[in-house]
Amino acid sequence: MSRTEIYLDHLASTPIDAAVLDAMLPWLGAGGVGNPHAANSAGWRAAEALDRARAEVAKLIGATAGEIVFTSGATESNNLALLGAVPEGWQVIVSAIEHPSVINCLPTLALRGHPTTKLPVDPYGFVDVSRLSQLLAEGPAFVSVMSANNEVGSFQALDQIAALCRQFGATLHVDAAQSLSTCAMDVAATGIDLLSLSGHKLYGPMGIGALFVRDGLPFRPMFFGGKQQSRRRSGTVPTALAVGLGAASRLAQERRTDDAKHISVLKGRLDAGLAAAIPDIRRNSAAKDCLPGCLNVSIDGVDAADMLLDIPSVVLSTGSACGNGEPSHVLAAMGHTEYAMHGSIRFGIGRTNTGEEIDMAIDLLTDATARWRRANAPLSAA
Ligand code: PMP
């Protein structure tokens with residue numbers, strides 16, 4: 001991150017916290033040598049570090065250490081859950097606004113003979129719980145609903161969804177990649193069977209994540225190899241990355257309440273500032289029950305991707321980093337037209353942002369919008 005950049009893309013990736021890096025460094029140098037799965041002194045040292053990290057991750061979500069499987073990130077965790085924990089013949093129900101690493105498992109599940117359904121959402125991205133209830137009554141189900149959406153920030157009614165799943169004996173998977181840095185989560189109290197998380201959404205390193213698998217849940221691995229992680233995920237666990245995820249999990253527990261407060265204040269300032277400065281801007285994110293750091297807006301008539309090229313010093317997204325520039329399936333499911341989707345911008349506010357940065361971002365975006373509208377007058381008038 002250059003010093004002149006205003007980084008407002010924390011939903012795509014958070015910077016590694018200095019304390020997390022400090023915890024990792026000894027495991028990246030020569031002193032960190034040793035395969036954590038090897039039966040020798042270096043291996044045992046590394047294995048102990050993994051055990052401590054696993055316990056920290058478990059504590060973050062109210063699980064036990066034995067229920068945590070380290071993965072390469074939330075994409076792998078989601079794939080493992082969807083392709084490894086759906087009992088034969090069960091229907092699979094996912095929200096229409098899930099991350100592509102959930103949605104894109106559906107064709108494979110359909111080939112395996114599972115009926116699949118995408119649950120509709122309302123105009124602010126909240127899942128239709130009554131439709132879920134109808135579907136659950138039709139037969140045994142595996143349900144995957146994210147805690148908070150990565151493009152618009154909507155928090156789903158997880159308590160209600162989990163209670164319904166329990167009532168009908170359904171298995172519930174939650175992709176919590178976006179919410180754990182600012183919101184508490186307790187898998188045992190809520191009644192969640194599987195949960196995905198990712199290091200680089202939690203001020204930890206990229207390339208590491210975890211899947212919580214409730215003790216006793218039938219689970220098929222995706223990789224075949226050694227006996228690592230009780231065969232649930234073969235492959236050597238990268239010690240330094242796992243230690244980083246553990247440190248990030250510990251830090252999240254200490255900081256999430258203060259972080260959420262700070263970030264919410266900044267979001268209020270951003271929301272009000274944009275609404276006052278830019279004509280024809282609309283908020284796509286819900287005013288409440290929304291991720292503290294997420295604000296998704298549409299600026300009418302503007303091609304946001306093109307306009308943002310004019311202000312490279314403000315790091316923003318026009319959708320999720322995983323969307324590859326295609327129109328957002330999230331905004332489409334919320335009922336937005338392609339015209340509005342082209343003007344959509346996602347702000348991802350984080351721990352280290354300041355009020356001054358927010359004000360500068362508002363000014364830069366206001367000027368860039370005016371310039372873009374002037375330069376493309378016939379298009380914006382259409
Ligand atoms: N789920 C959600 C909700 C996400 O936001 C992301 C990252 N954009 C992922 C899954 C994938 O995470 P990773 O980058 O760790 O594979």
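Me: Which helix gives the most to the shell around the ligand?
Reply: Helix α3, residues 74–84, gives the most, with three residues. Helices (H or I, at least four residues) and strands (E, at least two) are DSSP runs, numbered from the N terminus. Please note that this is a predicted model, in which local features need pLDDT of at least 70 and side-chain atom pairs count only at pLDDT 80 or more, while totals for chains, interfaces and linings use all residues. Residues are numbered from 1 along each chain as its sequence is written, and side-chain values use heavy atoms, with hydrogens and water left out.

Me: Which residues come nearest to the ligand?
Reply: Of the 14 residues around the ligand, those that come nearest are Thr-75, Asp-175, Gln-178, Ser-198 and Lys-201. A residue is near a molecule if one of its heavy atoms lies within 4 Å of it.

Me: How does that shell divide into nonpolar, polar and charged residues?
Reply: There are four nonpolar, eight polar and two charged residues in the shell. Here Ala, Val, Leu, Ile, Met, Phe, Trp, Tyr, Cys and Pro count as nonpolar, Asp, Glu, Lys and Arg as charged, and the others, Gly among them, as polar.

Me: What are the distances from the ligand to the side chains of Thr-75, His-200 and Lys-201?
Reply: An N or O atom in the side chain of Thr-75 is 2.6 Å from an oxygen atom of the ligand. For His-200, a polar side-chain atom lies 2.8 Å from a ligand oxygen. With Lys-201, the ligand atom is a nitrogen, and the distance to an N or O atom of the side chain is 2.9 Å.

Me: And how much of the ligand does the protein bury?
Reply: The protein buries 90% of the 400 Å² that the ligand exposes when taken alone. Accessible areas come from the Shrake-Rupley method with a 1.4 Å probe; for residues, only the protein chains shown count as cover.

Me: Back to helix α3. Is Asn-78 buried or exposed?
Reply: Asn-78, which lies in helix α3, counts as buried because its relative accessibility is 0%. Buried means under 20% relative accessible area, exposed over 50%, and partly exposed in between (1.4 Å probe, protein chains only).

Me: What is Asn-78 in contact with?
Reply: Leaving aside neighbours within four places in sequence, Asn-78 is in contact (heavy atoms within 4.5 Å) with Ser-101, Val-102, His-173, Asp-175 and Ser-196. The side chains of Asn-78 and Ser-101 are joined by a polar contact of 3.0 Å. A polar contact is a pair of N or O atoms within 3.5 Å; within protein, one must be able to donate a hydrogen and the other to accept it, and residues adjacent in sequence count only if both atoms are side-chain atoms.

Me: Changing topic: how many salt bridges does the whole structure have?
Reply: A search finds 13. A salt bridge is a side-chain nitrogen of Lys or Arg within 4 Å of a carboxyl oxygen of Asp or Glu.

Me: Which parts does the bridge between Arg-346 and Asp-9 tie together?
Reply: The side chains of Arg-346 and Asp-9 meet at 3.3 Å, N to O. Arg-346 lies in strand β12 (residues 344–348) and Asp-9 in the loop between β1 (6–7) and α1 (18–28), so the pair ties together parts that are 337 residues apart in sequence. Arg-346 counts as buried at 1% relative accessibility, and Asp-9 is buried at 10%.

Me: What about Asp-310 and Arg-371?
Reply: Asp-310 forms a salt bridge with Arg-371, with the closest N and O atoms 2.8 Å apart. Asp-310 is in the loop between α10 (304–308) and β11 (314–315) and Arg-371 is in helix α13 (residues 355–375), so the pair links parts that are 61 residues apart in sequence. Asp-310 counts as partly exposed at 38% relative accessibility, and Arg-371 counts as partly exposed at 36%.

Me: Last topic: what is the phi of Ser-230, and what is that of Arg-231?
Reply: Ser-230 has a positive phi of about 55° although it is not a glycine. Arg-231, also a residue other than glycine, has a positive phi near 65°. Ser-230 is found in the loop between β8 and α9, and Arg-231 is found in the loop between β8 and α9 as well. Ser-230 is exposed, with a relative accessible area of 60%, whereas Arg-231 is partly exposed at 47%.
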